[in-house]
Amino acid sequence: MSAPQHPSDTAVSDSPVTDEGGAQPSLPDVDPADETASVDPVDDDADEAYETDEDDENDDADKSGDDPLVRVDGDIDLDVEGDRASVAIVGGRLGDLIGPDGATLEALQELTRLAVAQSTGVRSRLMLDVGEFRAKRRADLTALAGETARRVGSSGQPERLAPMNPFERKVVHDVIASVEGVHSESEGEEPNRRVVVLPDK
């Protein structure tokens with residue numbers, strides 16, 4: 001039977017253990033596979049010292065590119081075309097304000113018209129453009145309407161165009177009205193209302 005141990009036999013000292021010469025003994029290398037190996041706590045200040053340029057770039061992106069207010073930054077231009085007020089937002093990355101096929105832009109225009117009507121008591125025909133989306137669309141539709149008018153004038157057969165919003169239909173109607181031998185009408189219900197180009201009788 002072994003002798004009972006006294007508390008002093010198992011006590012662990014906080015001071016480093018030294019050999020007979022007073023120097024600290026060398027420690028064995030830590031085995032990575034040893035699950036009992038201890039890991040020293042990491043100094044938070046040391047982490048900051050090892051930040052890379054890539055980390056700084058990511059921080060800058062978080063501060064600017066991912067900020068919705070920075071993404072849609074732009075200037076506002078006001079104009080009057082005939083009897084219609086025109087508001088254009090230019091510059092910046094404005095894709096979020098345009099949306100797929102201009103859907104977001106259409107919604108923003110309607111909200112702007114409602115806000116003006118509520119403020120003035122008069123229904124507004126204000127035209128809103130973002131990132132020159134409508135200007136580019138107007139150019140594309142003008143070319144499409146011209147080509148369609150020429151085909152209908154030559155063949156004598158009516159053609160139906162794809163569904164369009166009111167702005168787009170007006171652009172097409174204006175072009176067709178300037179071409180002799182053809183005319184245009186709108187048919188269908190929103191959002192599938194479209195322009196039909198017909199030969200004159």
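Strand E2 (84–90), strand E3 (127–130) and helix H7 (133–155) each contribute at least two residues to the lining of the second largest pocket. I begin there, noting that the model before you is a predicted one.

The second largest pocket holds about 180 Å³ of space. Its lining consists of Glu 81, Ser 86, Ala 88, Val 90, Met 127, Asp 129, Glu 132, Arg 134, Ala 135, Arg 138 and Phe 167. By class, these residues comprise five nonpolar, one polar and five charged.

Let me turn to the largest pocket, for which the volume is about 350 Å³. Fifteen residues line the largest pocket, and those closest to its centre are Arg 84, Arg 113, Met 127, Phe 167 and Lys 170. Which elements give two or more residues to the lining of the largest pocket? They are helix H6 (103–120) and helix H8 (166–177). H8 provides the largest share, five residues. In terms of class, the lining of the largest pocket has ten charged residues, four nonpolar and one polar.

H6 comprises 18 residues, and the distance from its first C-alpha to its last is 26 Å, close to the 26 Å expected at 1.5 Å a residue. Which residues of H6 are buried? They are Leu 105, Gln 109 and Arg 113. Viewed down the axis of H6, the buried residues lie within an arc of 75°, and therefore they line one face of the helix. Arg 113, buried here, is also one of the residues closest to the centre of the largest pocket.

What covers the buried residues of H6? The cover includes E2, helix H5 (95–98), E3 and H7. Three of these elements, E2, E3 and H7, have already been named for the second largest pocket. On the other side of H6, the residues Leu 111, Gln 118 and Ser 119 are exposed. After H6 comes Gly 121, which has a positive phi, near 80°.

I close with a proline. Pro 191 is placed in the loop between strand E5 (182–187) and strand E6 (194–199). Is Pro 191 buried or exposed? Pro 191 is exposed, and its relative accessible area is 64%. From C-alpha to C-alpha, Pro 191 and Pro 166 are 9.6 Å apart in space, while in sequence 25 residues separate their positions.

Methods
Residues numbered from 1 in each chain as written. Predicted model: local features only at pLDDT ≥ 70, side-chain atom pairs only at ≥ 80, totals over all residues. Heavy atoms only, no water. 1 Å grid on protein atoms, 1.4 Å probe; cavity = no way out; pocket = protein on both sides within 12 Å on 5 of 7 lines; lining within 4 Å. Points joined across faces, edges and corners; volume = space filled by probe spheres on them. Helix = DSSP H or I, 4+ residues; strand = E, 2+ residues; numbered from the N terminus. Nonpolar A, V, L, I, M, F, W, Y, C, P; charged D, E, K, R; others polar. Expected span 1.5 Å × (residues − 1). Buried < 20%, exposed > 50% of the residue type's maximum accessible area, 1.4 Å probe, protein only. Arc of directions from axis to C-beta. Contact = heavy atoms within 4.5 Å.
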